[in-house]
Every structure is written in C-alpha cells, then in structure tokens.
Amino acid sequence: MNLYALLAARFPREADAPCLILPGGRRVSYAELESQSARYGALLAEAGLKPGDRVAAQVEKSAEALFLYLGCLRAGGVFLPLNPAYTRGEVAYFLDDAGPRLFVCDPQRMEEAQELAWAARLPLVHDLGSLGEGSLAAAAAQMPDSFDTLARADDDLASIVYTSGTTGRSKGAMLTHRNLAANARVLHQYWGFRPGDVLLHMLPTFHVHGLFVATHCALLNGSPMLFEPKFDAARALRLMQAATVFMGVPTYYVRLLQERGLTREAVSHMRLFISGSAPLLPETFNEFRERTGHTLLERYGMTEGGMFTSNPLEGERRIGTVGFPLPGTEVRVVDAADRPLPAGEIGHIQVRGDNVFDGYWQMPEKTQEEFTPEGFFRTGDMGRFDAEGYLAIIGRNKDLIITGGLNVYPKEIEEAIDALPGVAESAVIGLPHPDFGEAVTAVVVRAKGTGGPDAEAIIAELKGRIAGFKVPKAVHFVDDLPRNAMGKVQKNLLRQRFGA
Ligand code: AMP
C-alpha cells in the first residue's frame, strides 16, 4: 500500500479540520492537505516522474515542503530530503549519487542549483522558499486539485535519506513504503495518540525525526500540528499552552530548562514529551521532572529504520535507558561474533523488523557488511539490556559525533582538514558540550617546516566547504597524534586531554 493512502485513510472527515497551524496564523486544513498534495503529485507526474524516480529537496521547512513530500509519495516518487545547511560541494555529491528527476532548492540558491543540475545532468530544477514562494508552488497552483494516488508495493522505495558516512562518503538509506508505514503505525499506538492531540512540531523536516516520526504520528491521528520553522525555547513555552505532545532532541530540553518560564503551569496542557536522536543526560531527565512534573519519554532509533525502542507510555520510564523494543522490531545485543548476550552484558545492538531499511543506495557491499546473515542490521551502537528488558545505550562503535541531534562522522571532517595547505594530519573528536551534547573538536598536526594555518583560518576555510554544524567549534594543535600499536589514533586520549 502507498504510505500516503494509509495516512489519508485516517484524515478527519470534517473538511475544515486543521492540519497545519503556521506562525502568523495561516491554517491548512486536512482537505487542503489532500488537494495541495494532489497538485504536487500531478505536477510531478506531468514532469515525467516515473515510479521510483527521485525528487531531491533542499528547502526550508514549510507547508509547501510537506505538500511536496506527500505529492511525491502519491506520484510514486522517492523523496530525498537534504539539510539546507549542506554546501555546494556536499549537494553536488548527493545529486550525482541519487540522480533525481527534480531538484528543488531554496530561491537564494537557484543559480548554484542550476549549475549543479547541469553538471549532474538533472532534467528539472524548481525553487521553493520558506513562505511558499518560488517556481514550484506557482507551477503546482496550475495543476488540478485531485490526483489518484499510485498503488505501490510494500517493497517500493518511498524515501532515501543520506546519513553521514563512516568512510567520509555519505550513504543513502533506502526506506520503503513498508518501513515507514510499519513504524508510523507502531509509534502512533505506542505513544497513545488520541482525539484532541495537538503536536508542537519544531523539528527540522530534512531528518527522519521531524519528517517521519513526528509528522506521520500526527497525520495518522488526523491531528493538528503547530508547524514551526525551527526550535525556539521561549516560543515553544507559549505554544505549549495549546499543544499536547512535543518531540525534541536533548538540546531542546536543555534549552527549555534555561527558560525561567518552564513551570508546571506552563506545561499543564501537555500530556507527553518525547526525547531522542542523541543521549539524554540524567541531569536533564531529573531536572525536567522536578520543574514540570513530566517524565521525559526517551526512545532510540536511527535513519536506517526509524524508531527501534521506546520507554513506555504507561509504566516506568527508566532513567538512562531507551526502553523496550517496539512491537514488531527485534532488538538484540550481541558479541563480536554476532552471538546474543544475556541481560547485563554490553555488546553490539542489532535490529530486525518491518521498519528496518532496505540497504544503502547503490552500495551493495556496504549493505551486505551491515547486515548479519539472519537479516539483523548492525546499528553501530553499543548497549545492554537490564533484567527487566530496558535497553541502555552505552556508546557507539562507529566513531560518530552527535551535535545538537545531528550526526557528524569525524572521517569526513578529517579529510577536509587534511586537504588544507600546511596541515599534516588531523583527528576529529566530540567533546561534551552543555548545549549541543557534543561539540565537534579538531586536533591538528601542522606540516613540518611550515607555519601552517591557525585555528581561525582552519575554521574559516571549512565553513565554505562543509555544513556549519560539522565545522569544529575548536581547533587544538599537537606535534603528533597518539597512536596504538596498530597505528590507530587513540581518540580516547585526545578526548581525555582536551575534554578536561
Ligand atoms: P540518526 O540516524 O541521525 O537518527 O542518528 C542515529 C544515532 O543517534 C543512533 O545510531 C544513536 O547513536 C543515536 N541515538 C538516537 N537516539 C538515541 C538515544 N535516545 N540515546 C542515545 N543515542 C541515540
């Protein structure tokens, strides 16, 4: 079944039931969501989009961006969301790798987009701004307001979401209609979505958390979303007067706690606060409970399959854990030989289920490496089950840094730094940061005999090459990187030295 058809089957019957409530008071009803997504679907079909063709969108969050996503599903396309922070070089790689039929860019980057599209031989470029301006919405407005959603098989792709790569190359996680539908159904039920719910949606929509987890739950429930362009703690507090559910990364909760206005009264209308995408500190969990009377519900998942585990809605939400495997998802903790370990022992977390992705786009070998022969996906996270079956995430074995809920693989940043003149080599680590969780930090060895660049010069150079959230917050210089007997850089020593 087409994921859109599953969602639409639950849309409210009342034509004017609100779906999106936007800043400034604009409202989009569910009936409008249907007719607008029909226009976008019709536009894509008219542009020659065939089932399975990709539609890449590097746009700001907006109602129109959501119409585009849903229209793409309806027309049988594969939606490829891209973080607006990605630079020209990064986007060039995604376009070349995914070969979309249509690339939708921000109006301010139209010229660049056209150059990139020409180089990658993409047939069509449109622009779409945060207020719905640009050629895409104008073209969609000319289209009929009804469109027959294409039937799709469960295994057909619905989306490709790029995750930053361990090897420096980003990988496109292929998500099918089955994957997204399975997770949407389970989360909607597990988190007890009910009539009267209103979701405060402040997450970005280029990531699974905002685009799939949050949006699908609200749409399946036929609920309104207070659809905000970005997170803002003071504004969140005001909007919570009219909301019941909020989903955020730990950074959002840290920032909410910095607001004096965060009190029991301020959140008395809320029924549920969900946290994930990065580790939640016990201090945040405890302080939030003291200040608001609400216990944060922490869950765990990743791009490659949406959500895997969650603390329960009813019953104990256990601090320092990400809860139980979700219905339909098998989660196991194994040793280095893929043998399941008993509760209490730390090992590699592996997952299997209808929500777990289909593999990496055009990377069959990488895909094979990441799945066991029994079909379990190797998450790269380390964890431990306790005696009651709660899973705790203990660490990661993939060297990943999570900053403000966004993933950064050191390798990509190290390659960018090593390419700078006067640099011999570098190591990039994540150091604890009160706001971002972890701060990207570079440790650099300058080339012998050269003055080499200073920290400011390195940061300035990188800003033009990689997205802002990946640029190191600090650069330290050393004469040599510490290495073990195998020649591997001992990042733990660097973390100890520079984290102090
Ligand atoms: P992403 O693919 O961007 O969603 O990032 C997925 C990664 O985020 C996972 O592999 C984990 O390392 C991390 N992650 C997600 N949720 C949690 C959580 N609740 N606690 C700790 N780490 C998490």
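## The second largest pocket

By class, 23 nonpolar, 12 polar and 5 charged residues make up the lining of the second largest pocket, where Ala, Val, Leu, Ile, Met, Phe, Trp, Tyr, Cys and Pro count as nonpolar, Asp, Glu, Lys and Arg as charged, and the others, Gly among them, as polar. The model is a predicted one, in which local features need pLDDT of at least 70 and side-chain atom pairs count only at pLDDT 80 or more, while totals for chains, interfaces and linings use all residues. Residues are numbered from 1 along each chain as its sequence is written, and side-chain values use heavy atoms, with hydrogens and water left out.

This pocket holds about 830 Å³ of space, and of its 40 lining residues Pro204, Phe206, Lys230, Tyr252 and Leu406 lie nearest its centre. At least two lining residues come from each of α3 (63-74), β4 (78-81), α8 and α10. Pockets and cavities are found on a 1 Å grid over the protein atoms alone: a cavity is a set of points where a 1.4 Å probe fits but cannot get out, a pocket is an open set with protein on both sides within 12 Å along at least five of seven lines, and lining residues have an atom within 4 Å of a point. Grid points are joined across faces, edges and corners, and a volume is the space filled by probe spheres set on the points.

## The largest pocket

The largest pocket contains about 1000 Å³ of space. Among its 50 lining residues, Ser277, Ala278, Pro279, Arg396 and Ile402 lie nearest the centre, and the lining divides by class into 22 nonpolar, 19 polar and 9 charged residues. The elements that each supply at least two residues of this lining include α10 (250-257), α11 (282-292), β13 and β22 (423-433); helices (H or I, at least four residues) and strands (E, at least two) are DSSP runs, numbered from the N terminus.

## Cavities

The structure holds 3 cavities of 30 Å³ or more. The second largest cavity has a volume of about 90 Å³, and of the 14 residues that line it, Leu180, Asn183, Phe212, Val213 and Gly306 are the closest to its centre. Two or more lining residues come from each of α7 (177-190) and α8 (208-220), with α7 giving the largest share, 5 residues. The lining of the second largest cavity has 7 nonpolar, 7 polar and no charged residues.

Leaving aside neighbours within four places in sequence, Tyr69 is in contact (heavy atoms within 4.5 Å) with Leu3, Phe79, Leu180, Leu211, Phe212 and His216.

## The open sheet

An open sheet of 9 strands runs in the order β2-β1-β10-β9-β11-β12-β13-β14-β15, with mixed pairing, two strands being paired if DSSP finds at least two bridges between them. Its edge strands, β2 (27-29) and β15 (324-325), each pair on one side only.

Strand β13 (residues 297-302) is joined by 4 bridges to the antiparallel strand β14 (residues 306-310), and the two form a hairpin with 3 residues between them; Gly301 stands opposite Met307 in β14. β14 also pairs with β15 in the antiparallel sense over 2 bridges, with Ser310 opposite Phe324 in β15. Because 5 of the 5 residues of β14 are buried, this strand is largely enclosed by the rest of the structure, where buried means under 20% relative accessible area, exposed over 50%, and partly exposed in between (1.4 Å probe, protein chains only).
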